[in-house]
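Welcome to a short tour of a protein model. Have the sequence and the structure open side by side, and follow along from the overall picture to single residues.

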Amino acid sequence: MTGPTSGRDRDTDAAPDADPKADPDADARRLAARSLAADDPTGWFEHLYAESATGEAIVPWDSRTPHVLLVEWAAGRGPGGPGGGRALVVGAGLGDDAEYVAGLGYDTVAFDVSESAVRLARERFPGSAVDYRAADLFDPPAGWRHAFDLVVEIMTVQALPEELHARATAGVAAFVRPGGTLLVIASGREEGGPAGAPPWPLTAAEIAAFATGGLTAETIEHLRDDGRHRWRATFHRPL
């Protein structure tokens, strides 16, 4: 899934070949508005990725690199870093985060609601060890419940309207197996502050809400730089 650039906070604001004078979020906003008007809050992702494949749209969060806060998190996990076990990347988009997680030593599943995103990720990384799948966060495979040692959620919940955040948060948390970890990276806003539409950045209360269904919060970092608010948080399911 993922969300507009202002939500993803990637190191680059546009796809590599995009016109730097163009608004990289314009296509995402256009397609999101159309989808939301049709009461289809996730349909715009497929339209965006499909149009990007023909050059009709820019995927603004396509930086061709894993998220910097994911890389920093992995580097800070001590000698050898994390790795081993099974991982799930939520809203994997074009695959950069999933490939990075697999490189840490995890048997990695990555899913996106957009079939075009999954196809493009497979084309970008032929022969990848990552299991790319099209799936819906709101109706995931039953076998994914409590099935993963590491779940990585980067800017996906916030790409959905606010009224869906609680349901999406619970869905993400349910993937974590006993003894497992959930890593959440999101753009942030103050309680009651403007949310944009889309994305709908997460408040402190919404980040804390990932501690649900038996998960407990380990660390919640509120990072502020260059006028941006970002969250990086980890949650754990006890054995």
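## The chain as a whole

Of the 239 residues in the protein chain, 51% count as buried, where buried means under 20% relative accessible area, exposed means over 50%, and partly exposed is in between (1.4 Å probe, protein chains only). The chain has an accessible surface of about 10000 Å², and 51% of that surface belongs to carbon and sulfur atoms; such areas come from the Shrake-Rupley method with a 1.4 Å probe, and for residues only the protein chains shown count as cover.

Please keep in mind that this is a predicted model, in which local features need pLDDT of at least 70 and side-chain atom pairs count only at pLDDT 80 or more, while totals for chains, interfaces and linings use all residues. Residues are numbered from 1 along each chain as its sequence is written, and side-chain values use heavy atoms, with hydrogens and water left out.

The protein chain holds eight helices and seven strands; these are DSSP runs numbered from the N terminus, with helices (H or I) of at least four residues and strands (E) of at least two. Among contacts in the chain with a separation of 6 or more, 67% are between residues 24 or more positions apart, a contact being heavy atoms within 4.5 Å.

## Helix H3 and its neighbours

Helix H3 covers residues 43-53, and its buried residues are Gly43, Trp44, Phe45, Leu48, Tyr49 and Glu51. Those buried residues pack against helix H2 (26-37), strand E2 (107-112) and helix H6 (115-124). After H3 comes glycine 55, with a positive phi near 80°.

How do H3 and H6 cross? Their axes come within 7 Å and cross at roughly 45°, where axes are lines fitted to C-alpha atoms, for helices over the stretch in contact, and angles run from 0 to 180 degrees between N-to-C directions. That makes H3 oblique to H6, since angles under 35 degrees count as roughly parallel, over 145 as roughly antiparallel, 65 to 115 as roughly perpendicular and the rest as oblique. On the H3 side, Glu46, Tyr49, Ala50, Ser52 and Ala53 meet Glu115, Ser116, Ala117, Arg119 and Leu120 of H6. By class, this contact has five nonpolar, two polar and three charged residues; Ala, Val, Leu, Ile, Met, Phe, Trp, Tyr, Cys and Pro count as nonpolar, Asp, Glu, Lys and Arg as charged, and the others, Gly among them, as polar.

## An aromatic cluster

A search of the whole structure turns up eight aromatic pairs. Rings of Phe, Tyr and Trp (its six-membered ring) pair if their centres lie within 6.5 Å, and planes under 30 degrees apart count as stacked, over 60 as edge-to-face and the rest as tilted. The ring centres of tyrosine 49 and tryptophan 61 are 6.0 Å apart and their planes are at 70°, so this pair is edge-to-face. Because tyrosine 49 lies in helix H3 and tryptophan 61 in the loop between H3 and H4, the pair ties together parts that are 12 residues apart in sequence.

Are the two partners buried or exposed? Tyrosine 49 is buried at a relative accessible area of 0%, and tryptophan 61 is buried at 4%. Ring pairs also join Trp44, Phe45, Tyr49 and Trp61 into a cluster.

## Helices H4 and H5

The axes of H4 (residues 68-75) and H5 (residues 96-103) come within 11 Å and cross at roughly 10°, which makes H4 roughly parallel to H5. Leu70, Val71 and Ala74 of H4 make the contact with Asp97, Tyr100 and Val101 of H5. By class, five of these residues are nonpolar, none is polar and one is charged.

The buried residues of H5 are Asp96, Asp97, Ala98 and Val101. Glycine 105 follows H5 and has a positive phi near 110°.

Threonine 181 sits in strand E5 (residues 176-187) and is buried, at 10% relative accessibility. Leaving out residues up to four places away in sequence, threonine 181 touches residues including Arg77, Asp149, Glu218 and His236.

Arginine 86, in strand E1 (residues 86-90), is partly exposed at 25% relative accessibility. Arginine 86 and valine 151 are 65 residues apart in sequence and 8.8 Å apart in space, C-alpha to C-alpha.

## Two positive phi angles

Aspartate 39, in the loop between H2 and H3, has a positive phi near 60° and is exposed at 68% relative accessibility. Methionine 155, in the loop between strand E4 (148-154) and helix H7 (165-173), also has a positive phi near 60°, but methionine 155 is buried, with a relative accessible area of 0%.
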